[in-house]
Amino acid sequence: MRMVFLGPPGAGKGTQAVMFSEGMRFLHLSTGDILRANVKRGTEIGQKARSFMEQGLLVPDSIVIEMMLDKIKTSEAGKGFILDGFPRTVYQARRMDEELKGLDLTIELVVYFKTSIDIIIYRLTGRRICRDCGANYHIVNMSPKKEGICDKCGGELYQRKDDNEEAIKKRLEVFNGQTKELIDYYKKQGILEEVSGDLDAGKVYEAISGILNDRDKNRT
Ligand code: AP5
């Protein structure tokens, strides 16, 4: 299955993409993770993207589109994939559709994570991430045994630079202004399904699994 996970920041797209890529061996391509890895390595892409990301703004299409299309083309995309955080504008979606059509890799399902604003702010302001293994924590809900230290690998926990209230507000504005119109774009193609991002992660996983099972049944 070739899928896009679409939703506001903090909706749980990345969490579910990791769960599905492990359980079903889909390829997980996260634009945010790829950009952050570039920032960390100090590459040209990273240097150009950094300030946009820190302010909660979209990184320019001229950087993101080629970067993601290259990743899709050079990965084992034929096995199925989850795009997490891409596309984020109708322009990105159109460019991707044109390109994937030629490769016989068109998107088959878009999962929209409808999520309440209070929940988004609560999750993101409390999120902490391990510098070494990338494990996620929440200072209240899912706190590590020892403050600031990863339970899994002993690495240092940090807060993403865009997980402060000002940047989160900006990211939500960007979602409502530029990304939300993708809902209609994919509805018109008949490939959009909605899940509640407010539910706990296990329940969201069940809801998406149900959608995938129904799709499988309808194929046979
Ligand atoms: P990106 O990294 O994609 O950030 P985002 O979309 O803002 O998403 P998040 O990673 O914050 O949230 P998520 O929905 O993945 O939630 P998660 O699973 O982590 O992008 C960052 C930046 O890169 C952008 O602002 C932009 O600058 C740039 N960028 C990226 N893509 C771009 C593009 N296409 N074009 C241009 N620029 C682009 O969960 C959040 C927290 O909640 C975690 O702590 C998790 O443990 C917890 N959690 C998750 N699910 C649940 C649940 N169901 N119940 C309780 N807690 C949960």
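**Salt bridges, packing and exposure**

Tutor: We may begin with glutamate 54, which counts as partly exposed because its relative accessibility is 31%; buried means under 20% relative accessible area, exposed over 50%, and partly exposed in between, with a 1.4 Å probe and protein chains only. This is a predicted model, in which local features need pLDDT of at least 70 and side-chain atom pairs count only at pLDDT 80 or more, while totals for chains, interfaces and linings use all residues. Residues are numbered from 1 along each chain as its sequence is written, and side-chain values use heavy atoms, with hydrogens and water left out.

Student: With which residue does lysine 161 form a salt bridge?

Tutor: A salt bridge is a side-chain nitrogen of Lys or Arg within 4 Å of a carboxyl oxygen of Asp or Glu. For lysine 161, the closest N and O atoms of the pair are 3.7 Å apart, and the partner is glutamate 54. The pair links distant parts of the chain, with lysine 161 in the loop between strand 7 and helix 7 (165-179), and glutamate 54 in helix 3 (residues 44-55), 107 residues apart; helices (H or I, at least four residues) and strands (E, at least two) are DSSP runs, numbered from the N terminus.

Student: Is lysine 161 buried or exposed?

Tutor: The relative accessibility of lysine 161 is 54%. Lysine 161 therefore counts as exposed.

Student: What separates glutamate 99 and arginine 95 along helix 5?

Tutor: The side chains of these residues, glutamate 99 and arginine 95, meet in a salt bridge at 3.8 Å, N to O. Because glutamate 99 and arginine 95 are four residues apart in helix 5, their separation is about one helical turn.

Student: At what angle do helix 5 and helix 8 pack?

Tutor: Two packed helices are described by the angle between their axes and the distance between the axes. Axes are lines fitted to C-alpha atoms, for helices over the stretch in contact, and angles run from 0 to 180 degrees between N-to-C directions. Helix 5 (residues 90-102) and helix 8 (residues 181-188) have axes 9 Å apart, and their packing angle is about 35 degrees.

Student: Which residues does arginine 131 touch, not counting residues up to four places away in sequence?

Tutor: Arginine 131 lies in the loop between strand 5 (127-130) and strand 6, and it counts as partly exposed because its relative accessibility is 42%. Contact means heavy atoms within 4.5 Å. Not counting residues up to four places away in sequence, arginine 131 touches Lys40, Glu156 and Tyr158.

Student: How far apart in space are alanine 207 and serine 196?

Tutor: Alanine 207 lies in helix 9 (residues 201-219), and its 31% relative accessibility means that alanine 207 counts as partly exposed. Alanine 207 and serine 196 are eleven residues apart in sequence, and their C-alpha to C-alpha distance in space is 8.5 Å.
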